[in-house]
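Biologist: Before we go through the contacts and the sheets, could you put the model on the screen?

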Amino acid sequence: MQSFFKILLISFLLFFFPIDKEVEIKCLVEIMDYRGEGAYFVISVLDEEENYIKTVYVLGDDKSWFSEMKAFWINLRKNNLFSDEDFYPLIDGISGPTISGGERRVFQIKVPKNLFNNGYLLRFETAVEDKAYHMNDINIALSTESLKQAHMGQGFIKKIQFIATE
Amino acid sequence: MMKGVWRKTHFLLAFGSSLFLFLASVSGFILGIEALLDQTKPQAIDSLEDHSLKTTLEALDTNMKEVFEISISEKNYVIVQGISEDGFEHFYVDPKTGLKINSVTPTSPFFKQIRSFHRSLFLKNTGRIIVGIIAFLLILLSITGLFLLAQRIGGIKQLFFLTKEKNIYRKTHIILGKWFFIPVLLIGFSGAYLTIERFNAFTNQESNTKTYAKGEKILDLNTIHLNDIARVSYPFSKAEDEVYNIELKDRVFTVRQGDFSILSEEIYPFHHLLKQWNYFIHTGESNLFVALILTLAALALVFFMFTGLKITSKTSLDLLSLNKNNLKEASVVILYGTETGNSYQFAKRLAKTLRKENHSVGLTSLNNYSIFPKAKTILILAATYGDGEAPSNADRFEKRFNSSAQPHSINFSILGFGSKSYPKFCQFAINLQTLLEKQDNFSSLMPLFKINNQSETDYYSWEGMVINKLK
């Protein structure tokens, strides 16, 4: 009976105070032409001082290589989010294999609306096994204006384009 | 001479690579099991060639809000990324209906660890090099093994007949060799190739690209079937310069939105196909039958090592330290001709017995025959190799015998080892008997004595006769 009321209460709250809406962003990532293992990358939202807020996408499903994305990994460490149960739900799009040199990949990320057009940043960290790690392969403003443009990467990312649906 | 080289090379290769080869075989076996399990999952589509790209694209259009990419994995899974009613998704799809079968989930950490271990022993590039070398050694091992096997059983043709070997370990080793020579050779070759490929050995080959004008050539999606396809990337937006990227196994097309006219066609260099072929041969991921053969071959490698060890332990190690004991002082010289070490074991036993009887005994192989200054008696224990030939440490005996005249007259006795299941039973010993009898100062203590399948009782009766004659 008690749980029934709990559900009723939660439904009630959800109905009257809807959780923050999300902005859907379609991303196209093109990777530089290189040979060797595939690239891993992590997309995270940072605040103005570059403090971690939220990781919204991870590409590459071999967890043992995630530690190569050092900034992302330190954040997980700080928040003690190592075990699979804590780790995987945190990341919206753990999506199988990595992306190799010269390839492109399209995916969708979702960002809470209150982080959009509010001074926050979108960071792409990339790493390739035994090649290199780029903490700020791309680091851009999370805003309507910024996402309208294509951006060139500093490391393994050649180019990235967005289509944002608010 | 050559036989000795094959045997020694085979033994040294096996010995040198044993630890890593064992690890690679066991992990390879586990991965074989994984490949078999993966082919039984619902998302494994067994008739990709029956689905045209057109029907699959249409099926997905009706079920998805937007598709980003379709890819077909080495395991025959059709994977879709795109937006469905439930949001952005990444799932295995039925190519006929366009309906989701399962979500893509990270592969099990256990198999992932095993795979990483199999590829690089957790040592990254160092490990990759080690594994590559092991794969290369495996090629040499199978080739030396084949030569050895052919000689052992008396010719390549004999491969197709039943094995006559009695010793269980030797018999297993031979049977495994017959059945798994080709799979093991292919595993070694493809493994070595994949390692070399990994280190970018083939970057010099360029793709061949053709470009077409708009509308010049239209891609007929009905003629492309899913088994040809690696990946189809949809245009990112409706913009004119955004195109379909259709990657086949051997080429990639860029195709215009709307009319599907081809803009460019890039044909991959040959090494791209070689890599795919080697990957398939090494993993068998897309074919249950190949996966099964590979799994069994990995298991066979473990048994090869076990039986090989059993065959080797006694003999090869002993053979490495030749006992050149007091040959110059010995009055009784024991000579052995052995391929597998059995005659040597008996020769050692005989030396021990005769020393107890207070004879001064010298023991050496037939190939070490020379002038023995104090010898009065020569005892020969000789096996026959393959089709009535001399074993590897006796093949130069005849030459040395004819060039070394003994100072004293010699009494001799020959004990031949063999198996009655071979047509030329004890043939080499028979040849020796004839050779020695022809020599003037040589006289036979007793007729040639033959032993079938290393019979202990027969050996002791011969030993008893020899001891009596020497009293």
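Biologist: Which residue of chain A meets the side chain of Arg231(B) in a salt bridge?
Modeller: This is a predicted model, and a pair counts as a salt bridge when a side-chain nitrogen of Lys or Arg lies within 4 Å of a carboxyl oxygen of Asp or Glu. The N to O distance from Arg231(B) to its partner in chain A is 3.4 Å, and that partner is Glu103(A).

Biologist: With which residue of chain B does Arg231(B) form a salt bridge, and how many residues apart are the two?
Modeller: Within chain B, Arg231(B) forms a salt bridge with Glu69(B), the closest N and O atoms being 2.7 Å apart. The pair links distant parts of the chain, since Arg231(B) belongs to strand 6 of chain B and Glu69(B) to strand 1 of chain B, and the separation is 162 residues.

Biologist: How many salt bridges are there between chain B and chain A?
Modeller: Over all chains, the rule gives a count of 22 salt bridges. Between chain B and chain A, the count is 4.

Biologist: How do the residues of the side of chain B that touches chain A divide into nonpolar, polar and charged?
Modeller: In chain B, 26 residues are in contact with 27 residues of chain A. The side of chain B that touches chain A divides into 8 nonpolar, 9 polar and 9 charged.

Biologist: Which residues of chain B lose the most area to chain A?
Modeller: The two chains bury about 2200 Å² between them, and 50% of that is on carbon and sulfur atoms. Three residues of chain B together account for 28% of what that side buries, and they are Phe68(B), Phe88(B) and Phe236(B).

Biologist: Turning to the open sheet of chain B, which are its edge strands?
Modeller: The sheet has 9 strands with antiparallel pairing, in the order 4-3-2-1-6-7-8-9-5. An edge strand pairs on one side only, and in chain B this applies to strand 4 (100-103) and strand 5 (208-211).

Biologist: Which residue in strand 3 of chain B is the bridge partner of Gly82(B)?
Modeller: Strand 2 of chain B and strand 3 of chain B pair in the antiparallel sense, over 6 bridges. For Gly82(B), the bridge partner in strand 3 of chain B is Glu89(B).

Biologist: At what angle does helix 2 of chain B run to strand 1 of chain B?
Modeller: Helix 2 (residues 53-63) of chain B lies across several strands, among them strand 6 (229-233) and strand 7 (244-248) of chain B. Strand 1 of chain B is also one of those strands, and the angle to it is about 140 degrees.

Notes: Residues numbered from 1 in each chain as written. Chains lettered and ligands numbered in written order. Predicted model: local features only at pLDDT ≥ 70, side-chain atom pairs only at ≥ 80, totals over all residues. Heavy atoms only, no water. Contact = heavy atoms within 4.5 Å. Buried area = accessible area lost by both parts, 1.4 Å probe. Nonpolar A, V, L, I, M, F, W, Y, C, P; charged D, E, K, R; others polar. Pairing = 2+ DSSP bridges. Helix = DSSP H or I, 4+ residues; strand = E, 2+ residues; numbered from the N terminus. Axes fitted to C-alpha atoms, helices over the stretch in contact; angles between N-to-C directions.
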